[in-house]
Amino acid sequence: MNENLAALIPELALLGAAVIGLLAGSWLPRRRQWIVAVLAAAACTAGLAATSITMSTGREQTVFSNAFAVDTATNAGRLTVLGALLLVITMSVETVQGHKRETEYWVLLLLTGAGTLALLGANDLLMLFAAYLLASIPAYALAAFTKDNSGTEAALKYYLMGALLGTTMLAGAALFYGAGHSTLYRELRHALPDAPYGLVAVALVAVLAGLLFKAGAIPAHFWVPDVTDGAPAPVAAYVTTLPKIGALIAGYRLLHQALPDSDVNWPLLLAVLAAVTMTLGNLAAFFQTSARRLLAYSTISQVGYLLMALAVATRTDLAQQSLLFYLAAYAATNLGAFAVVTALPAARHLKDYRGLAHRQPGLAAVLVVCLLGLVGTPPTGIFLGKLEIFSATIDGGYTWLAVLAVANTVASLFYYLRWLAPLFTHANPGPAPAQAVFGCWAAATACTAGVIALALGLAGGAVLPYGMGNLLP
């Protein structure tokens with residue numbers, strides 16, 4: 001049995017920082033709670049360094065009875081999650097600075113981040129469910145951090161859906177165990193082809209229900225607009241970005257490792273879910289006037305494109321690298337847009353951004369890059385990510401899905417332009433809500449994320465190969 005703790009340094013760094021931060025925060029005066037934020041950033045940096053070393057040495061392994069796999073998908077996901085978590089920490093500084101529960105905020109962020117990392121390498125159904133719980137429960141508390149009416153309502157909806165679909169997911173894991181007499185993916189791979197078709201189908205749908213909830217995909221998407229609108233802006237940025245990375249990589253690993261030879265036609269199921277998610281997400285975003293709700297429905301539509309890679313997980317070798325690259329590009333681009341929203345807290349509606357290009361040209365430029373990036377405009381990272389995923393989908397035999405995705409991409413330009421157009425018009429006389437920048441940390445985060453989104457597009461040829469490699473059984 002391989003019990004190499006060194007393989008789990010990124011996860012242990014976040015958990016260790018959470019424990020130390022909670023203890024330290026109990027003794028630190030309120031004006032020095034920022035030390036816990038520095039600790040959280042240091043833990044992310046340590047995780048990034050450990051992951052980079054692991055990738056450079058090329059050592060891949062499964063640990064603790066093969067329940068957790070450290071391979072290409074895990075390491076690429078770690079880089080994306082830890083980098084994104086670092087951006088969320090920096091954009092949160094002004095939001096929680098001096099708050100009486102500032103330490104608790106950083107600790108909850110570290111814990112849910114550790115749960116997301118655990119999802120990436122989960123190679124066993126019980127490990128998958130434990131990671132789901134760790135990624136979810138702290139996030140419910142974060143959604144209600146401000147304890148106002150909208151935040152409390154959002155957290156309640158988030159919790160109720162998470163509890164329902166988490167229970168469904170656990171029931172699915174029990175059915176898988178009944179069908180394959182194991183919870184380990186590599187053993188299920190050999191047992192499920194001989195198991196009853198109906199039992200495997202119901203088990204798969206149940207487990208996918210929990211992962212679709214974490215990803216914010218239809219039909220488990222109802223919490224996304226309310227949480228995005230009611231939670232603090234950095235929390236909204238977190239829940240619409242990082243859980244998607246963990247859930248989609250976990251779903252990819254489950255389908256690729258446990259069900260490649262199953263008689264259940266799960267590729268068609270995922271293709272249909274992808275088509276419905278991207279289409280309904282776009283349609284719902286068309287006439288939104290709230291900036292946050294528009295971004296919420298935008299993130300739903302983005303999940304639809306990402307699910308295309310899961311639909312062809314076992315049909316083409318392009319699926320894995322396209323998924324991993326798109327997730328990295330999406331994380332930077334989406335966080336950049338939310339960082340602008342965080343920097344301009346008074347600008348709740350699209351009309352409040354009128355004249356932003358004249359008052360805050362830097363933030364306006366970032367918003368242009370990120371919104372056009374979400375469309376898939378060159379030379380941003382999402383453009384290359386979409387190109388790769390569309391190619392993988394066609395190579396996997398779902399040309400109709402790729403055509404539908406292209407149509408949705410063109411249609412999405414409409415609602416993003418509805419937000420961009422006011423930026424370049426002159427504002428009415430008098431102070432405008434978008435004039436005051438909330439803080440330099442959020443603005444700096446926005447600029448950093450925008451640069452990363454562009455860099456991934458320009459240097460995509462050098463980055464894409466890091467997504468290639470076989471998953472460990």
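Modeller: Lys-157 is partly exposed, with a relative accessible area of 31%. The classes are these: buried is under 20% relative accessible area, exposed is over 50%, and partly exposed is in between, with a 1.4 Å probe and protein chains only. This is a predicted model: local features need pLDDT of at least 70, side-chain atom pairs count only at pLDDT 80 or more, and totals for chains, interfaces and linings use all residues. Residues are numbered from 1 along each chain as its sequence is written, and side-chain values use heavy atoms, without hydrogens and water.

Lys-157 meets Asp-226 in a salt bridge, at 3.1 Å from N to O. Asp-226 sits in helix α10 (residues 223–230) and Lys-157 in helix α7 (residues 149–180), so the two are distant parts of the chain, 69 residues apart. A salt bridge here means a side-chain nitrogen of Lys or Arg within 4 Å of a carboxyl oxygen of Asp or Glu. Helices (H or I, at least four residues) and strands (E, at least two) are DSSP runs, numbered from the N terminus.

Next comes Asp-229. Its partner is Arg-348, with the closest N and O atoms 3.2 Å apart. Arg-348 lies in the loop between α15 (318–343) and α16 (356–359), and Asp-229 is in helix α10, so this pair ties together parts 119 residues apart in sequence. Arg-348 counts as partly exposed, at 33% relative accessibility.

These residues belong to one network. Salt bridges link Glu-153, Lys-157, Asp-226, Asp-229, Arg-293 and Arg-348.

The structure holds seven salt bridges. One of them joins Asp-71 to Arg-253, with the closest N and O atoms 2.9 Å apart. Asp-71 is in the loop between β2 (68–70) and α3 (72–91), while Arg-253 is in helix α12 (residues 242–258), 182 residues away. Both Asp-71 and Arg-253 are buried.

Now the cysteines. The whole structure has zero disulfides, a disulfide being a pair of cysteine sulfur atoms within 2.5 Å. The sulfur of Cys-44 has its closest cysteine sulfur in Cys-440, 19 Å away, so the two are too far apart for a bond. Cys-44 is buried, at 0% relative accessibility. Cys-370 is in no disulfide either; the nearest cysteine sulfur, in Cys-447, is 9.6 Å away. Cys-370 is also buried, with a relative accessible area of 0%.
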